[in-house]
Amino acid sequence: MAAAPVAVQEDDQIQFAQSAPYDEYVHASTLHTLQRTISDDAGEMSFLVVSQIMELYFGLIRFELREAQRLVRDDEVWGALEPLRRAGLHLEGLNASWRTLRWMSPADFNRFRGQLGEASGFQSAMYRHMEFALGLKSETLIRPFRRQRAVYAQLTRDIREPSLWDEVVALLARRGNDIPAEVLERDRTRDHEPDPAVEDAWVRVYAEPNPGNDLWLLAEALTEVGEQFSDWRYLHLKAVLRTLGDKPGTAGSSGASWLRRSMARPVFPELWSARTHM
Ligand code: HEM
């Protein structure tokens with residue numbers, strides 16, 4: 001006879017005095033108070049929740065990238081592979097979230113779009129922090145936050161810090177590659193300008209594609225992160241074209257064409273361009 005399934009907690013007398021330990025840890029009851037829709041349209045709920053899920057992923061991915069950055073700075077390349085692998089997997093989860101918005105036609109979106117006012121993901125401070133970690137830096141994009149003192153102060157501090165890519169390029173220099181001083185001491189508040197010396201360094205790294213080569217493994221882990229991030233941008237554009245067409249965005253941009261320009265800023269540029277020379 002098959003054994004009866006074991007209940008997780010058989011003693012139904014057990015009760016928690018204040019809150020359940022699960023809630024103390026996960027704060028689920030707080031999370032479930034944050035879905036404050038602004039229209040009567042039932043479809044808005046999934047737009048709001050997916051936006052919140054993506055925000056949480058932005059924060060998580062940035063956390064992993066910064067952890068990887070710290071380890072690279074300390075020359076712990078093997079250790080950095082772990083948070084990078086996690087970042088790549090979180091990006092996959094983030095990207096999968098777009099699927100649950102595919103029900104939305106222009107008419108569905110129009111039912112609540114007007115009520116979003118000027119609200120746009122463009123104003124996500126955490127997305128900008130994530131971009132900074134990836135090496136995408138633009139002071140213009142943080143100007144809209146100027147009046148929110150604390151948010152702006154954090155963004156201003158963060159944009160001046162080296163990105164993960166800056167730390168990786170510094171590592172290449174420490175490993176004997178001749179990287180020009182102007183690349184190593186560049187203005188951190190701007191996008192990294194691709195440099196032929198960095199490209200050459202990657203060509204050399206890829207000449208030894210074996211599991212003992214930590215730099216090659218690092219390059220592949222970064223490639224995965226860069227690719228998955230590009231996928232997010234592409235999937236976003238597709239969602240925009242599907243629901244909005246070429247109409248202007250709620251933040252006042254030209255919409256899809258603005259996003260295409262934003263997508264053209266490459267992440268980890270020399271990791272891609274170096275492939276032409278391999
Ligand atoms: C299908 C619904 C969506 C539409 C039509 C849409 C539309 C747009 C548009 C037109 C822009 C350009 C700025 C503007 O003028 O608003 C933008 C930027 C942005 N949106 Fe969305 N969006 C959608 C869903 C989302 C979701 C769910 C998120 C997740 C939080 C998001 C995050 C962002 C971010 C981070 C940017 C800035 C991108 C960059 O700087 O390259 N969007 N969106």
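Biologist: Which residues come nearest to the ligand, of the 27 around it?

Modeller: A residue is near a molecule if one of its heavy atoms lies within 4 Å of it. Of the 27 residues around this ligand, S120, R128, H236, S253 and S262 come nearest. This is a predicted model, in which local features need pLDDT of at least 70 and side-chain atom pairs count only at pLDDT 80 or more, whereas totals for chains, interfaces and linings use all residues. Residues are numbered from 1 along each chain as its sequence is written, and side-chain values use heavy atoms, with hydrogens and water left out.

Biologist: How far are the polar side-chain atoms of S262 from an oxygen atom of the ligand?

Modeller: A polar contact is a pair of N or O atoms within 3.5 Å; within protein, one must be able to donate a hydrogen and the other to accept it, and residues adjacent in sequence count only if both atoms are side-chain atoms. For S262, a polar side-chain atom lies 2.5 Å from a ligand oxygen. The side chain of S253 has an N or O atom 2.7 Å from an oxygen of the ligand, and for R128 the corresponding distance is 2.8 Å.

Biologist: Which elements give two or more residues to the shell around the ligand?

Modeller: Helices (H or I, at least four residues) and strands (E, at least two) are DSSP runs, numbered from the N terminus. Here the elements are α3 (44–73), α6 (125–134), α11 (214–243) and α12 (256–263). With five residues, α11 gives the most. The chain as a whole has 13 helices and zero strands.

Biologist: Where does UniProt place the feature "binding site"?

Modeller: UniProt positions follow the numbering used here, with shortened feature names, and annotations may be inferred rather than shown by experiment. The unreviewed entry places "binding site" at H236, a residue of helix α11. Contact means heavy atoms within 4.5 Å; leaving aside neighbours within four places in sequence, H236 is in contact with W98 and L259.

Biologist: Which other residues does UniProt list for "binding site"?

Modeller: The unreviewed entry also lists R113 and T250. The annotated residues span 138 residues in sequence, yet no two of their C-alpha atoms are more than 8.5 Å apart, so they gather at one spot. R113 lies in helix α5 (residues 106–113).
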